[in-house]
Structures are given as structure tokens and as C-alpha cells.
Amino acid sequence: MAISNTEACRRYRERNREAFNARSLATTKRLRALYPERYKEYARKSNHKRRMSALEHYGKTCACCGETRWQFLAIHHVNGGGGKHRLELGGANQFYQWLKREGYPTGFGVLCHNCNQAKGEMTEAEFRSVQSRDRRAAE
């Protein structure tokens, strides 16, 4: 069976991962220094694309209040610990990369920033109480 060029490249990178990562990092740093504005624009676009992909996968609507404008939405950790997890990964952009790499695992959802903040500040019972009161008021 013939090995595809892509497969051969993948195997080569695996065997030479440390050297490959060092060269890749050096190239990235050099290009970032030479073309800072271009790099910022590229990073902004690719980060936006990753975020939109994650929002699309997890529903693109706040599970609490129904907000749908992407500018107000965030991926939240259903069981808490989101801040710690993001710090371990190195920030929000790495978090979106991690989600994609892991195949968008369960345990995450979409909340708007307001609901996400409220959920983080309240106990689960308080949050559910406010949520049900708001739903009754809207009816």
C-alpha cells in the first residue's frame, strides 16, 4: 500500500516534533516581528473563525435567555472551572483551538456574557430561581 504525501509528512513531523516545533515557533516570531499588522489581522480572523465554529457547534443561542447575537455569546463550562481551564490552556484563543482539537467535547454550552457572569456569581439554586422568575415575568 502506498503512503500518501500527507501521511508521509505527518509521520515525519511526529518523528521530528521537537525540531519541527522549534523551527515553527522561530518562523512565527520572525514573521510576527517583520509584519506586526499583518500578523494581528491574520490572528484576529483565525481566532474569530475558531470562535464562530465553536458557537455553531454548541448551538449559537444562549441556553438561559435565548440571546443569538454572536458578539454577546460565550462558551461556558457546564460544571464550572472555566477560568482555571482557560488559564491552563493559555487563554481564550487556545481554548477554542483545544475545543476543536478535542472534537467539541460534552460539558460545554453557550451562554450570553450576562448569564455566564450571573451563573458564576450565584449558586445553582439562586440562578435557577432567578431564571424561572424571569420566564414567568416574560409570559
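Labels and their cut-offs

Modeller: The side chains of asparagine 47 and asparagine 93 are joined by a polar contact of 3.5 Å. This is a predicted model, in which local features need pLDDT of at least 70, side-chain atom pairs count only at pLDDT 80 or more, and totals for chains, interfaces and linings use all residues. Residues are numbered from 1 along each chain as its sequence is written, and side-chain values use heavy atoms, with hydrogens and water left out.

Biologist: What is the mean pLDDT of the protein chain?

Modeller: The mean is 85, and 92% of the residues reach 70 or more; pLDDT is the predictor's confidence in each residue, from 0 to 100.

Biologist: Why is asparagine 47 called buried?

Modeller: Buried means under 20% relative accessible area, exposed over 50%, partly exposed in between (1.4 Å probe, protein chains only). Asparagine 47 has 19%, so the residue is buried. Its place is in helix 3; helices (H or I, at least four residues) and strands (E, at least two) are DSSP runs, numbered from the N terminus.

Biologist: What do the buried residues of helix 3 pack against?

Modeller: They pack against strand 1 (73-77), helix 5 (92-101), strand 2 and helix 6 (113-121), where contact means heavy atoms within 4.5 Å.

How values were computed: Polar contact = N/O pair within 3.5 Å; in protein donor to acceptor, adjacent residues only side chain to side chain.
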